[in-house]
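Good morning, and thank you for making time for this presentation.

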Amino acid sequence: MKRISIIAVAVVFAVAGIVGSRVEAGDPPAKVGEVNTFNRLMRPKEDRNMPPALDGIHDADNKGTHMLQQPRDAFGTLPKGNAGNYVNWVQALKDKAITPRYDRLNPKEEAMVMDLDIVREVKGFMPDVVYPHDRHTEWLDCSNCHPDIFIPEKGKNTISMAQILMGQKCGVCHGKVAFPVSECRLCHSKKKDGTQPAKTAGK
């Protein structure tokens, strides 16, 4: 967790062009809250699930934005999660508490659920990453991710935590509408000793 915060701060400093500012002896230490404000993927709990007009995603000047259902009302009856917007979306799908509208334009359209786990080996001590296609394709179309975000070819995608923290690759969704990267073990779920991927990853 501490390592992720350090990477995030370094990336933001680089983008902002303020690398080189120095902490002088005697300066007061930065508060933890100040550090986290640089990382938009880790909003304070009280700032999550804000009304659409205040969430920084929707157009507050659009009248339609104010007609949308309030997330805190909509999420109230869904299974609880421990991070992000505090909804366990995978469990909500299993419970049929939510129903993806892939058939909105064509009543005969059916979801194409792909049961394929992609394992990405990572350097260092962290367990390898498992990407489960099934829980993504239950409500997303292949074209949501391919080929603009991920090239559907082995070895063609370089992914780093810095990219993800900057909202690229997995960060397009995770930290915005899916659980944040602070939940490391949900993705880093395969031990390097050959243990099989945890089927519960992504809950």
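Helices (H or I, at least four residues) and strands (E, at least two) are taken here as DSSP runs, numbered from the N terminus. This is a predicted model, in which local features need pLDDT of at least 70, side-chain atom pairs count only at pLDDT 80 or more, and totals for chains, interfaces and linings use all residues. Residues are numbered from 1 along each chain as its sequence is written, and side-chain values use heavy atoms, with hydrogens and water left out.

I begin with the overall picture. The protein has seven helices and three strands, arranged from the N terminus as α-α-α-α-β-β-α-α-α-β. Of its 203 residues, 30% count as buried, where buried means under 20% relative accessible area, exposed means over 50%, and partly exposed lies in between (1.4 Å probe, protein chains only). The accessible surface comes to about 14300 Å², and carbon and sulfur atoms hold 56% of it; such areas come from the Shrake-Rupley method with a 1.4 Å probe, and for residues only the protein chains shown count as cover.

Next, the backbone. Tyrosine 86 has a phi near 65°, a positive value in a residue other than glycine. Tyrosine 86 sits in the loop between α3 (71-74) and α4 and is partly exposed, at 25% relative accessible area. Lysine 96 also has a positive phi, near 60°; its place is the loop between α4 and β1, and its 68% relative accessible area makes it exposed. A cis peptide bond, with omega about 0°, joins histidine 146 and proline 147. Proline 147 belongs to the loop between α5 and α6 (161-165).

I turn now to charge. Side chains of opposite charge can pair when their charged atoms come close. How many salt bridges does a search of the whole structure find? The search finds two, a salt bridge being a side-chain nitrogen of Lys or Arg within 4 Å of a carboxyl oxygen of Asp or Glu. One is formed by aspartate 128 and lysine 192, whose closest N and O atoms are 2.9 Å apart. Because aspartate 128 lies in strand β2 (residues 128-132) and lysine 192 in the segment after β3 (188-190), the pair ties together parts that are 64 residues apart in sequence. Aspartate 128 is buried, at 7%, whereas lysine 192 is partly exposed, at 43%. Aspartate 134 and arginine 135 form a salt bridge with closest N and O atoms 3.4 Å apart, and both of these residues are buried.

Threonine 137 lies in helix α5 (residues 134-137) and is buried, with a relative accessible area of 8%. Apart from neighbours within four places in sequence, threonine 137 is in contact (heavy atoms within 4.5 Å) with Ala111, Met112, Val113 and Met114. Methionine 114 lies in the loop between α4 and β1 and, at 33% relative accessibility, counts as partly exposed. Together with Leu116 and Ile118, Met114 forms a nonpolar patch on the surface, with about 210 Å² of accessible area in total. Patches are made of residues with over 30% relative accessible area and no salt bridge, with like charges joined within 9 Å and nonpolar side chains (Val, Leu, Ile, Met, Phe, Trp, Tyr) within 5 Å.
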